[in-house]
Structure formats: C-alpha cells, structure tokens
Amino acid sequence: MEMIDVTAGVARQIAPGFTGAGVVGGEEAHLGVLRVEAGAEIPRHPAVADQALLVVAGRGEVSGGDGAWRPIEAGQAAIWRAGEPHTTRAIEDLTLVVLELPDLPIHPRAVRLP
C-alpha cells in the first residue's frame, strides 16, 4: 500500500484562493484534490480531457459551455467534456475531487440532476 498526502499544507497555489494537490496521474488519467476558498473562482478554461468534479465539502456554483451558472454542493458532481469551457466558484469553502479521463463514462445508475 502507498499513502498520498493531499492536505492543504502540500497543495500548490494555482490561482488566488485556489489550490490543488495531485493524487495519481499518467498520460491519460489524472485524479486530484482542489480547494477553492469562499468567494474565489477557478478561472474559466477549456477541459483538457473529459472531467468529473465531485464536491466533497462546501457549496458553490459551476458553469459550462453555455455560460449559465448552476448551484453545486457536497454530494453532487459536474461533468464537462473535453474542450468545454468551464469554471467553478465557491460560495462556501469547497473541497473537490477531480478526475480527468478521455471518454469518461457516466455510471448507468447515476442520478442526473435537472
């Protein structure tokens, strides 16, 4: 077994109020933990690959290719497809798990939000 530290103390500053720590990664797949402070926003950017963002703690808003903001909170996930411009902003401090993987399949029993 190997253990990985993803606490705030080892995370790197990506933008003001936004830090990240990698867990695993290779040529195609990446898994990491992001933290976004209340009031901060991840700058809008295109998804490098299909991306799943799972909120572990906190509450915020996400926006995809259409530019509309949608609320998101602990226990919910957003999926963006490769190339889709997207952003996330924190209403409360957010802790996020992010998985990037080409052709990311959504589980057939996943409950989709309106």
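Colleague: How many bridges join strand 2 to strand 3, and which way do they run?

Modeller: Strand 2 (residues 18–25) and strand 3 (residues 30–36) run antiparallel, with 7 bridges joining them. Strands here are DSSP runs of E, at least two residues long, while helices are H or I runs of at least four residues, and both are numbered from the N terminus. Two strands pair if DSSP finds at least two bridges between them.

Colleague: What kind of model is this, and how are residues numbered?

Modeller: It's a predicted model, where local features need pLDDT of at least 70 and side-chain atom pairs count only at pLDDT 80 or more, though totals for chains, interfaces and linings use all residues. Residues are numbered from 1 along each chain as its sequence is written, and side-chain values use heavy atoms, with hydrogens and water left out.

Colleague: OK, back to strand 3. Which residue there is the bridge partner of Gly 22?

Modeller: Gly 22 is partnered with Gly 32 in strand 3.

Colleague: What about Thr 19, buried or exposed?

Modeller: Thr 19 lies in strand 2, and at 18% relative accessibility it counts as buried. Buried means under 20% relative accessible area, exposed is over 50%, and partly exposed is in between (1.4 Å probe, protein chains only).

Colleague: And which residues is Thr 19 in contact with, leaving aside its sequence neighbours?

Modeller: Beyond four places in sequence, Thr 19 is in contact with Ala 11, Arg 12, Gln 13 and Ile 14, and also with Val 33, Leu 34 and Arg 35. Contact means heavy atoms within 4.5 Å.

Colleague: Zooming out, what's the strand order in the open sheet of 6 strands?

Modeller: That sheet goes 1-2-3-10-5-8, with antiparallel pairing. At its edges sit strand 1 (12–15) and strand 8 (77–80), each pairing on one side only. Neighbouring strands in it are turned by 30° against each other on average, direction ignored. The axes are lines fitted to C-alpha atoms (for helices, over the stretch in contact), and angles run from 0 to 180 degrees between N-to-C directions.

Colleague: How many bridges between strand 4 and strand 9?

Modeller: There are 4, and the two strands run antiparallel. Ile 42, for one, has Thr 88 as its bridge partner in strand 9.

Colleague: What does strand 6 pair with?

Modeller: Strand 6 pairs with strand 7 (residues 69–73) in the antiparallel sense over 5 bridges, and with strand 9 (residues 85–90), also antiparallel, over 4 bridges. Val 62 has Arg 70 as its bridge partner in strand 7, and Ser 63 stands opposite Thr 87 in strand 9.

Colleague: How many residues sit between strand 6 and strand 7 in the hairpin?

Modeller: There are 5, and Gly 67 in the turn has a positive phi of about 80°.

Colleague: Why is strand 6 described as largely enclosed?

Modeller: Because 4 of its 5 residues are buried, strand 6 is largely enclosed by the rest of the structure.

Colleague: Which side chain does Glu 61 make a polar contact with?

Modeller: Glu 61, in strand 6 (residues 59–63), makes a side-chain polar contact with Arg 89 at 2.6 Å. A polar contact is a pair of N or O atoms within 3.5 Å; within protein, one must be able to donate a hydrogen and the other to accept it, and residues adjacent in sequence count only if both atoms are side-chain atoms. Outside four places in sequence, the contacts of Glu 61 also include Trp 69, Arg 70 and Thr 87.

Colleague: Where does Arg 89 lie relative to Trp 69?

Modeller: Arg 89 is over the face of Trp 69, at 3.6 Å from the ring centre. A charge sits over a ring if NZ of Lys or CZ of Arg is within 6 Å of the ring centre and within 35 degrees of the ring normal.

Colleague: Last one: where is Gly 58?

Modeller: Gly 58 is in the loop between strand 5 (51–57) and strand 6, and at 18% relative accessibility it counts as buried. Among the residues Gly 58 touches are Glu 73, Ala 74 and Asp 93. Glu 73 is in strand 7 and counts as partly exposed, at 41% relative accessibility.
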